[in-house]
Amino acid sequence: RRSQEKPISYYNIKPEIDPATGNPIPAGAHMSTSPIELDASASGSQHLYAQYRNIDGLKNVNVWSKRPPRELLTTKDIKMLEEGVDNNSIAKDLYTNTAGTYTTKLRARLDELSTTDPKLAKIYNDLTNQYVQVGRSTSKPIVMKVPYGAGETRLKVTLQSLLGDKERLQILRDYNGKVDNVTTLADEFMDFHWKSMWSALKESLDTQFEFRRFSKVLMEVYNEAPLSGTPRKALLVKSPSGHQTDFTIYATQFEQSRERVKVNLLPDFPQIKQSKGLTKSGKKKETYAKKSISLTSEIPIAPTDPLAIRMASTPAAIRKGISSADLGVCAVVNKMVHEEPFVTDSMKSMASALAPNAVHMVDAGYLTKLVIALNEAGVPVYVVHDAFFIMAPDVRKTKEIAGQVFIKMHNGYNLRKELIEGVAKATSIPFDEVVNRINMRMLNPNKREMSKGVLSYPDGALGTKTEGDLKPPEGFSSLNEVIMGG
């Protein structure tokens, strides 16, 4: 039964066994309190496709579905259940679609290579069959990073990690004496794969890359404002839930104090022990790996800090127009912003963090609205990022409410407009001027950007793939029947 105190239980019920037969005694009809997980399909991409009104993209991430909800199973459904599902069957989604494009492009490149270097083409094909599973499991860890702003370097590292040190050593042994470049064979093989994957990503995830470009260009407007003598405020953006989200990231430095604290006085500190030989009685002698630690503090870098002045005195900073004598104009609330040249001990600048933080903000706003709507409908729910834990009788109702909340939120909230509003208010640059600057840069990438594969986006800052509010295309489910995972 469902109780108000604990509507969902995370333990299994042990059945009562008949001692005479050894079989479970039927308990009769009852309501299970074991939770069922509904997991949204690529939630970051769902939000971006909705914001850009990309209908085909929304189909790939299961926001729209051709499957009509039914109360009863058809004869075909019953037969399928009786026969079971093949272990190799995979549901169609964004990851499988990208994997399909990746596979097609890889095979085409192998065919092309076989005409010029058949020996190398065979080696690459053999290595692929042995070490790289060309499919959804390969594409998913890469595809899921793109909506959150990952660039080519990070994505390439993710693909290359599929070939570990052990596998690389084995390749070295297997092909030693068979090829001239055996020491670089593994790297060249993965580079061959990467070119196919990168081409597939740009083709399958064009909307995600367009948002990444928008975010970068928007932050260029924010970063360059002080160079014209315009002081900035914190970058505050209105979230879907109506709250203000602060996107400002400040440059910081670690400072280590002279004080040392004994580890045994810190209950939350990991008490790691290490072996120190044997005692006289022959038992293992152990001691704490660390007996004390020095305290550190992460403090913001002020414009008068010697570190900030030193960073602003580099040739690159001077060429950019930054004056070490007047850093106050670059500061926000008397703190340096985590931007060039004040990015310390981190590759994640405020600009590169904008895309993932913006998508997470939208996701958090959606979950907030969903939990409120489910609570009003009397549906108990626990959420973890894009996963909803509910009871079996509430599955259909939850999907319907999730779809309603999703569509209503995205029809009433424009992420890019709110981000532009935030930059306009933080820099005192008029909204229309911010839009114009973004449009010009998105339309006209410079030579350096084009050499890195940056595309021109003529739709500009606020363009969409289709006009008007989100609604199901013809032949797809209505708003009350949107499929949100499961």
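Helices H8 and H9 are roughly perpendicular to each other, a label given to angles of 65 to 115 degrees, with under 35 counting as roughly parallel, over 145 as roughly antiparallel and the rest as oblique. The model is predicted; local features need pLDDT of at least 70, side-chain atom pairs count only at pLDDT 80 or more, and totals for chains, interfaces and linings use all residues. Residues are numbered from 1 along each chain as its sequence is written, and side-chain values use heavy atoms, without hydrogens and water.

H8 spans residues 165–175 and H9 residues 185–204. Their axes come within 9 Å and cross at roughly 115°. Axes are lines fitted to C-alpha atoms, for helices over the stretch in contact, with angles from 0 to 180 degrees between N-to-C directions. Helices are DSSP runs (H or I, at least four residues), numbered from the N terminus. Contact means heavy atoms within 4.5 Å. The residues of this contact comprise 5 nonpolar, no polar and 2 charged. Here Ala, Val, Leu, Ile, Met, Phe, Trp, Tyr, Cys and Pro count as nonpolar, Asp, Glu, Lys and Arg as charged, and the others, Gly among them, as polar.

The ring centres lie 5.5 Å apart and the planes meet at 25°, so the pair is stacked. Rings of Phe, Tyr and Trp (its six-membered ring) pair if their centres lie within 6.5 Å; planes under 30 degrees apart count as stacked, over 60 as edge-to-face and the rest as tilted. Both Trp194 and Trp198 are buried (under 20% relative accessible area; exposed is over 50%, partly exposed in between; 1.4 Å probe, protein chains only). The structure holds 6 aromatic pairs. Ring pairs also join Tyr124, Phe189 and Phe192 in a cluster.

The largest nonpolar core has 97 residues. Such a core is a set of buried Ala, Val, Leu, Ile, Met, Phe, Trp, Tyr and Cys residues joined through side-chain atoms within 4.5 Å. Leu201, Phe211, Phe214, Leu419 and Ile438 have the most contacts inside it. Helix H13 (residues 350–376) gives the most to this core, with 12 residues. Beyond its neighbours within four places in sequence, Leu419 touches Phe211, Phe214, Leu218, Val237, Phe247, Leu354 and Ala358. A second, separate core has 13 residues, including Ala251, Met311, Ala312 and Ala331.

How values were computed: Helix = DSSP H or I, 4+ residues; strand = E, 2+ residues; numbered from the N terminus.
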